[in-house]
Amino acid sequence: MTSIVSADGTTIACTVTGSGPAVVFVDGALCHRAFGPSQAVAEQLAAHHTVYTYDRRGRGGSSDTAPYAVEREVEDLAAVIAAAGGRAAVVGISSGAALVLRAAAGDIGISHAAAYEPPFSTEDGQRARFTAYAAGLAADLAEGRCGDAVGRFMTFVGAPEPMVEQLRSSPAWPAFEAVAPTLAYDAAVLGARAGASVPVDALAGITVPVLVLDGGASPELVRAPARAVAAAVRSAEYRSLPDQTHEVAADVLAPALLKFFAS
């Protein structure tokens, strides 16, 4: 493990695995190196790439610096890429994919950008639902109700309420509450004020190769944003992974990434 200092002084905790051209992995909501898909994907890629997995600010071993802005998270990613030699392929899952896409529109050393199921909104009903979720989340966090914020997120993404109530009494719940404030960061990355609409104008500015993926077993409301993103990026390739859902298997995702990074 190593520590990288971002532009605003935030310390970013990072693990480096494997050898070869650099790849940086960006987690989605609530996830970090100790909880989420990053390590499994890194293990699959490590035979061909040096893989950098890091805790996004406010999570795991990373610190945080107020005030938050999406630009600060892009700077965090830029700092990791700089530590990797100044140029790297980058892969993000879920809201991490949204961050990767926003970063790819800038000049921070991204050579290839892969995005798995960025959870943007493509319909008016989705946008209204996301706006209501983001407002409720902000109120929860402002009042210090981190558990309610986590529960709100979980039900928003489809977890049944009885399951959420069971999780509240599980040993894992304090770990969720610890990173609850970062749910607001994910909402900002997705564009809460616009209801998480696909950021067509920003995506049109991307010039590096982009691979947009979804799972063939995911619901249409999850797959539609992936296709919309691919249509908005001039240099994008779209691919659906058969039998996969939002919780994509590392041994299925990795071969698609390796083929894309080699292109």
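This is a predicted model: local features need pLDDT of at least 70, side-chain atom pairs count only at pLDDT 80 or more; totals for chains, interfaces and linings use all residues.

Trainee: Pocket first, then. How much space lies in the largest pocket?

Mentor: About 1200 Å³. Its lining has 40 residues. Ser94, Pro119, Phe153, Val157 and His246 lie nearest the centre of the pocket.

Trainee: Which helices supply at least two residues of that lining?

Mentor: H4 (124-142), H5 (146-156), H8 (183-190) and H10 (220-232) each do.

Trainee: And how do the lining residues divide into nonpolar, polar and charged?

Mentor: There are 25 nonpolar, 10 polar and five charged residues in the lining.

Trainee: Let's stay with Ser94. Where is its place?

Mentor: Ser94 sits in the loop between S5 and H3. Its phi is near 60°, which is a positive value in a residue other than glycine.

Trainee: Why does Leu30 count as buried?

Mentor: Because its relative accessibility is 6%, and buried means under 20%. Ser94 is buried too, since its relative accessible area is 14%.

Trainee: What about peptide bonds? Which residues does a cis bond join?

Mentor: Ala66 and Pro67, with omega at about -5°. Pro67 belongs to the loop between strand S4 (50-54) and H2. As a rule, most peptide bonds are trans.

Trainee: You mentioned H2. How many residues does H2 have, and how far does it reach?

Mentor: H2 covers residues 70-83, which is 14 residues. From first C-alpha to last it reaches 20 Å, close to the 20 Å expected at 1.5 Å a residue.

Trainee: Which residues of H2 are buried?

Mentor: Val70, Glu73, Val74, Asp76, Leu77, Ala79, Val80 and Ile81. Just after H2 comes Gly85, with a positive phi of about 115°.

Trainee: Now H4. What should its 19 residues span at 1.5 Å a residue?

Mentor: They should span 27 Å, and the end C-alpha atoms of H4 are 27 Å apart, which agrees. The buried residues of H4 are Gln126, Phe130, Tyr133, Ala134, Gly136, Leu137 and Asp140.

Trainee: Several of those numbers are three or four apart. Why would that matter in a helix?

Mentor: An α-helix has 3.6 residues a turn, so residues three or four places apart point the same way.

Trainee: What do the buried residues of H4 pack against?

Mentor: H5, H8 and H10. Those helices also contribute to the pocket lining, as does H4.

Trainee: And H11, what do its buried residues pack against?

Mentor: Helix H1 (38-45), plus the strands S3 (22-26), S5 (88-93), S6 (110-116), S7 (210-215) and S8 (236-241). The buried residues of H11 include Leu253, Ala254 and Leu257.

Trainee: On to the cores. How many residues has the largest nonpolar core?

Mentor: It has 61, and Val24, Tyr54, Leu77 and Ile110 have the most contacts inside it. Helix H3 (residues 95-104) gives the most to this core, with seven residues. Apart from it lies another core of 22 residues, with Leu213, Leu241, Leu253 and Ala254 among them.

Trainee: Which residues does Tyr54 touch, beyond those up to four places away in sequence?

Mentor: Among them are Ile12, Ala13, Val24, Arg33, Leu77 and Leu99.

Trainee: Ala13 then. Is Ala13 buried or exposed?

Mentor: Buried, because its relative accessible area is 2%. Ala13 is part of strand S2 (residues 11-18). Apart from Tyr54, its contacts include Met1, Thr53 and Ser62.

Trainee: Last one: where is Ile93, and what is it in contact with?

Mentor: Ile93 is in strand S5. Its contacts outside its sequence neighbours within four places include Phe25, Pro37, Tyr116, Val248 and Leu253. With a relative accessible area of 7%, Ile93 is buried.

How values were computed:
Residues are numbered from 1 along each chain as its sequence is written. Side-chain values use heavy atoms; hydrogens and water are left out. On a 1 Å grid over the protein atoms alone, a cavity is a set of points where a 1.4 Å probe fits but cannot get out, and a pocket is an open set with protein on both sides within 12 Å along at least five of seven lines; lining residues have an atom within 4 Å of a point. Grid points are joined across faces, edges and corners, and a volume is the space filled by probe spheres set on the points. Helices (H or I, at least four residues) and strands (E, at least two) are DSSP runs, numbered from the N terminus. Ala, Val, Leu, Ile, Met, Phe, Trp, Tyr, Cys and Pro count as nonpolar, Asp, Glu, Lys and Arg as charged, and the others, Gly among them, as polar. Buried means under 20% relative accessible area, exposed over 50%, partly exposed in between (1.4 Å probe, protein chains only). Contact means heavy atoms within 4.5 Å. A nonpolar core is a set of buried Ala, Val, Leu, Ile, Met, Phe, Trp, Tyr and Cys residues joined through side-chain atoms within 4.5 Å. The expected span of a helix is 1.5 Å times one less than its number of residues.
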